[in-house]
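Please prepare a briefing on the aromatic ring pairs and the strand arrangement of the structure shown here.

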Amino acid sequence: MLIYMMTEAEMELANIIWEQEPVGSGELVKLAAERLNWKKSTTYTVLRKICENGIFRNEQSVISSVMSKEEYARRKGENYLEENYGGSLPGFIAAFLKKRKLSRTEIEEIARMIEEYRDEECENE
């Protein structure tokens, strides 16, 4: 499932929302002015765009997420894999390792993650 890829500006506002949610639109305007030096109109324009694309919702001037920051990042990663490696995680890893060596710690951490996944899969069978 494709996901809307937020621009850098949209991500800046999204991060504020994720930190503060649920957040009133007036409070969001204040936070965007303080942290991003944005005008009210800029905040509302960017907010409208990210709400239209299903990442956040604005109900009665209270903004909350439709998907968590982690879910958004996971789905972005899945899109990247699909678009660039035909959805193949091993294909991505092979391409990645051609340019970068993993440290022993990274290898152990990845192996631990795979074992945890394998244990969960065996429990679900």
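**Aromatic pairs**

- Tyr 80, Tyr 85, Phe 92 and Phe 96 are linked into a cluster by ring pairs, where rings of Phe, Tyr and Trp (its six-membered ring) pair if their centres lie within 6.5 Å, with planes under 30 degrees apart counted as stacked, over 60 as edge-to-face and the rest as tilted.
- By this rule the count comes to six aromatic pairs.
- Trp 18 and Tyr 72 form a tilted pair, with 6.1 Å from centre to centre and 45 degrees between the planes.
- This pair links distant parts of the chain, since Trp 18 belongs to helix α1 (residues 8-20) and Tyr 72 to helix α4 (residues 69-85), 54 residues apart; helices (H or I, at least four residues) and strands (E, at least two) are DSSP runs, numbered from the N terminus.
- Both Trp 18 and Tyr 72 are buried, that is, under 20% relative accessible area with a 1.4 Å probe and protein chains only, as against exposed over 50% and partly exposed in between.

**Basis of the values**

- The model is predicted, so local features need pLDDT of at least 70 and side-chain atom pairs count only at pLDDT 80 or more, whereas totals for chains, interfaces and linings use all residues.
- Residues are numbered from 1 along each chain as its sequence is written, and side-chain values use heavy atoms, with hydrogens and water left out.

**Sheet**

- Three strands form an open antiparallel sheet in the order β1-β3-β2, two strands being paired if DSSP finds at least two bridges between them.
- β1 (23-24) and β2 (56-59) stand at the edges with a single partner strand each, so one side of each has no neighbour in the sheet.
- Four bridges join β2 to the antiparallel strand β3 (residues 62-65), and Arg 57 has Ser 64 in β3 as its bridge partner.
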